Amino acid sequence: MKKTQNQMLIIFGASGDLTARKLVPALFNLYKGNHLPDNFVVLGASRSPMSHEDFRNKVVAESEFLKNKLTKEESSFIKTFSDKIFYEDLGDKYDVSYSLLANKITALNEEHGTAGNYIFYLSTPPSLYETIAKNLWEEGLTKEDHGWKRIIVEKPFGYDLASAKALNEGIHKYFQESQVYRIDHYLGKETVQNVLVTRFSNSIFEPLWNRRYIHHVEITNAETVGVEKRGGYYDKSGALRDMFQSHLLQIISLIVMEPPINSDAEEIRNEKVKALKSLRIMKDEKTILENTLRGQYVASTIDGKTMKGYREEEGVDPDSTTETFAAVKFFVDNWRWKDVPFYVRTGKAMPTKVTEVIIHFKTPHHEVFKSQDTFRKDNKLIIRIQPDEGILIKFGVKVPGLGFHVEQANMDFYYSDLDSAKIMDAYERLLLDAMQGDTTLYARADEVEAAWKFVDPILKCWSESSIVNTYGYSVGTWGPKNSDELIEDSYGWRNPGDLLTDESGFCVLC
């Protein structure tokens, strides 16, 4: 494994939920696994007044990850790990002089030997990205004269194409693109990365990965929960911005991309950008109405318990038309994928939590065993991203006995079966990659903008057209009933773990 250099991680917005819930637990696991360098320091920076000890208590001693029972070995790591964590109060706002912060960084660097290697993690609203970058630059903290400097920014990276471009331009005033790491935790999932390995290291898949053998590609991202306490944010975002533009288009780019020259990070990212640029942009209202659908969950009763609808959620406009479900059909304009439809849906308050990619292969051109048994039983390659990460292949086999009665059999692999393998959490993997300077799983500026170019016309049509409807679907169902009309009747959506059937039909909310 690549050696991790001595360094310091400076987290802005460190008093927020992400630091205690995700970042520090990920760092602790990396520390336990001996992945961190000998000289490593975490400096939290935020507007909340705290001492070093207060901050350590918040993100370590009182954190959720320590509520699980620790082994004796894990307990012994807590004290030494906590001693690597420090805090700096920025005062009332982020747009102030960072001279005190710069002094603290310099002192910690000299005391702990972090070699001038700094990662700035911006766990703040995107509106603060340029402000923080500017203040770091003014203190000379972005210069790479002594040690490297990197900046990690969280999604959402932009609200549309124009704001994404503005964010890129703002950060590029103070950091070079090679220093910028745009994090998307979905790409840290082992199964997402395995899409590349499945495709490019197996001769049984790559020759079939094209329009000659693939009938269509289907992607489902479903969550059982509603918007919970994120109603205020979500009502200004919606499913298309929150999930499709970022997480799902990242997965799509890995499916669509051409083989890179090698496994170098920039070569892989080059091909991902080409893939996103090849998506056929829907420019007119008629095309968008025929190939997209938005929905919103409405109240229902499950097992005698009344579940709230989206408009009853805290922070949501009672007349909101914001989508909690989005389905999109699109095509890819290149030789490999010409005329192969892609069907993607994402939704909240659905029957089960699942994210999976289904590659539907074409049926044989000459069907020897034509019968009702084989109807709609095409070969499938299913890549399960979450939960129960793994890969499943469905193929036809003869049922023992007289005649040719064909049924589907499964051949599967689950990461949980690898007892000896430690599967890193997404943030563990992504943080370690940033520490080692590996940008493979981080989005580049042109990659983000290419994704927005595809999504922007849909969002514009949905917000401006007077004939775009938001369809209701009951909590615990697979979205609006008419979403089935988007995908071909002979196949239909694959609904894993279907727990509830919506018998209410569909309703129009706007």
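Buried means under 20% relative accessible area. The legends below use the word in that sense, and the model they describe is predicted.

**View 1. Stacked rings of Tyr 129 and Phe 157.** Under the rule used for ring pairs, the count for this predicted model is 18 aromatic pairs. In one of them, the ring centres of Tyr 129 and Phe 157 are 6.5 Å apart and the planes stand at 25°, so the pair is stacked. Tyr 129 belongs to helix α5 (residues 129–138), while Phe 157 sits in the loop between β5 (149–153) and α6, so the pair ties together parts that are 28 residues apart in sequence. Both Tyr 129 and Phe 157 are buried.

**View 2. Edge-to-face rings of Tyr 297 and Tyr 310.** The planes of these two rings meet at 75° and their centres are 5.9 Å apart, so Tyr 297 and Tyr 310 form an edge-to-face pair. Tyr 297 is in strand β8 (residues 292–298) and Tyr 310 is in the loop between β10 (305–307) and β11 (325–330); the two residues are 13 residues apart, and the pair links distant parts of the chain. Tyr 297 has 1% relative accessibility and therefore counts as buried. Tyr 310 is also buried, at a relative accessible area of 0%. Ring pairs join Tyr 297 and Tyr 310 with Tyr 234, Phe 325 and Tyr 473 in a cluster.

**View 3. Packing of helix α9 on helix α10.** Helix α9 spans residues 239–256 and helix α10 spans residues 265–277. Their axes are 8 Å apart, and the helices pack at an angle of about 100°. Because angles of 65 to 115 degrees count as roughly perpendicular, α9 is described as roughly perpendicular to α10. On the α9 side, the contact is made by Leu 249, Gln 250, Ser 253, Leu 254 and Val 256. Lys 272, Ala 275 and Leu 276 make the contact on the α10 side. Sorted by class, the residues in the contact of α9 with α10 are five nonpolar, two polar and one charged.

**View 4. Surroundings of Gln 179.** Gln 179 is located in the loop between α6 (161–172) and β6 (180–182). Its relative accessibility is 4%, so Gln 179 counts as buried. The side chain of Gln 179 reaches the backbone nitrogen of Gln 176 at 2.8 Å. With neighbours within four places in sequence left aside, the residues in contact with Gln 179 are Thr 142, Glu 144, Lys 149, Arg 150 and Ile 151.

How values were computed
Residues are numbered from 1 along each chain as its sequence is written. This is a predicted model: local features need pLDDT of at least 70, side-chain atom pairs count only at pLDDT 80 or more; totals for chains, interfaces and linings use all residues. Side-chain values use heavy atoms; hydrogens and water are left out. Axes are lines fitted to C-alpha atoms, for helices over the stretch in contact, and angles run from 0 to 180 degrees between N-to-C directions. Helices (H or I, at least four residues) and strands (E, at least two) are DSSP runs, numbered from the N terminus. Angles under 35 degrees count as roughly parallel, over 145 as roughly antiparallel, 65 to 115 as roughly perpendicular and the rest as oblique. Contact means heavy atoms within 4.5 Å. Ala, Val, Leu, Ile, Met, Phe, Trp, Tyr, Cys and Pro count as nonpolar, Asp, Glu, Lys and Arg as charged, and the others, Gly among them, as polar. Buried means under 20% relative accessible area, exposed over 50%, partly exposed in between (1.4 Å probe, protein chains only). A polar contact is a pair of N or O atoms within 3.5 Å; within protein, one must be able to donate a hydrogen and the other to accept it, and residues adjacent in sequence count only if both atoms are side-chain atoms. Rings of Phe, Tyr and Trp (its six-membered ring) pair if their centres lie within 6.5 Å; planes under 30 degrees apart count as stacked, over 60 as edge-to-face and the rest as tilted.
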